[in-house]
Amino acid sequence: MATLRELKGRIGSVASSEKITGAMKMISSAKMHKAEQSLRRLQPFRNQIENIIGNLLSADAEFSSPLLEARDVRHVSIVVLGSDDGLCGAYNVNIFKILLGQLASYRERFGEDVKIDIYPVGAKMCKAVAKIAGGNISVRTIEGVDSKTTGDGVKIFIESLQNEFFGGVTDKVDVLYMSFKSVSRQRPVVEQLIPVVQDTFAENGVTQQCRPYIFEPDANTIFRSVLPMFLMAVMQDIFTENRASEQAARVMAMQSANDNAKKLLEQLQLEYNKLRQQSITTELLDILGGQIR
């Protein structure tokens, strides 16, 4: 049975843990709101790109681009976004489970001999996918790219993926990430990034505008210039959503830890009070017993 001193020490430890988890929840919440603000700042640029592509698609013109080239798939690349830091609950575990299902889907659709390159983003995801490397599965990383990468880093990353597609190194590029909906809801998404297909536009909100425009130079030239910008805008959004989802998962994990700490603190305090009352009662009985004698 624990002594009063031991219980008091446990109560102090749990109380400290409660304060720490509460502080971490506040920090994660602030980071999540910062990521949300970044998403809002990116939206005007992305909307403009989507409007341009929508207007181009509504034009009576034929479009061609290396990014539209559909091939027989013998080599697939998949970008998997996780976190660099822990304490975010089952966030990385859930993404990894989706990845395993996606790898099985590739083998089913393209054959057992299909080669798969995995591009993990985030230290935790790098560690997880290293366990499944081997055979037809290769793990590849791009130096300087992690879950916190923004701006030029994202641009370099998407350009390297495009160059591998242009060079015939890969026939298809997908991306797996957690789409941010709210602090309590994140949805795993697998999107085909390259080659760009009609579904890529539809999934990202591009609609034909059907407005009378005169294009200078021709519509196809503009399309070939704008399409890489569209992919960069999509990838910027994906990285930002991943950061927001990670922090949202951490907020929920810290909230759960904080709630558990409060419950444990209440239980320990109750046990401490019972033991203290028992000790006082014993001392009073000893005093009364001494007086009677």
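**Strand β1 and its surroundings**

Modeller: Strand β1 pairs with strand β2 (residues 115-121) in the parallel sense, over seven bridges. Two strands are said to pair if DSSP finds at least two bridges between them, while helices (H or I, at least four residues) and strands (E, at least two) are DSSP runs numbered from the N terminus. This is a predicted model, in which local features need pLDDT of at least 70 and side-chain atom pairs count only at pLDDT 80 or more, whereas totals for chains, interfaces and linings use all residues. Residues are numbered from 1 along each chain as its sequence is written, and side-chain values use heavy atoms, with hydrogens and water left out.

β1 also has β4 as a parallel partner, with five bridges joining the two. Val80 illustrates both pairings, as its bridge partner in β2 is Pro120 and its bridge partner in β4 is Leu176. Seven of the seven residues of β1 are buried, so the strand is largely enclosed by the rest of the structure; here buried means under 20% relative accessible area, exposed means over 50%, and partly exposed lies in between (1.4 Å probe, protein chains only). The cover extends to both faces, with His75, Ser77, Val79 and Leu81 buried on one side and Val76, Ile78 and Val80 buried on the other.

Leu176, the partner of Val80, stands opposite Val190 in β5, and Tyr177 has Val189 as its bridge partner in β5.

The loop between α1 (4-58) and β1 (75-81) holds Ala70, which is exposed, with a relative accessible area of 65%. Ala70 lies 7.8 Å from Asp171, C-alpha to C-alpha, although the two are 101 residues apart in sequence. In helix α2 (residues 91-110) sits Asn92, which counts as buried because its relative accessibility is 14%. Leaving aside residues up to four places away in sequence, Asn92 touches Gly82, Ser83, Asp85, Lys124 and Met125, where a contact means heavy atoms within 4.5 Å.

As for the whole chain, it has six helices and five strands, following the pattern α-β-α-β-α-β-α-β-β-α-α along the sequence. Its radius of gyration is 28 Å, well over the 19 Å that the globule rule gives for 293 residues, so the chain is more spread out than a compact globule; the radius is taken over C-alpha atoms, and the rule is 2.2 Å times the number of residues to the power 0.38. Along the principal axes, the C-alpha atoms fill a box of roughly 110 × 45 × 30 Å. Buried residues make up 41% of the 293 residues, and of the contacts with a separation of 6 or more, 79% come from residues 24 or more positions apart.
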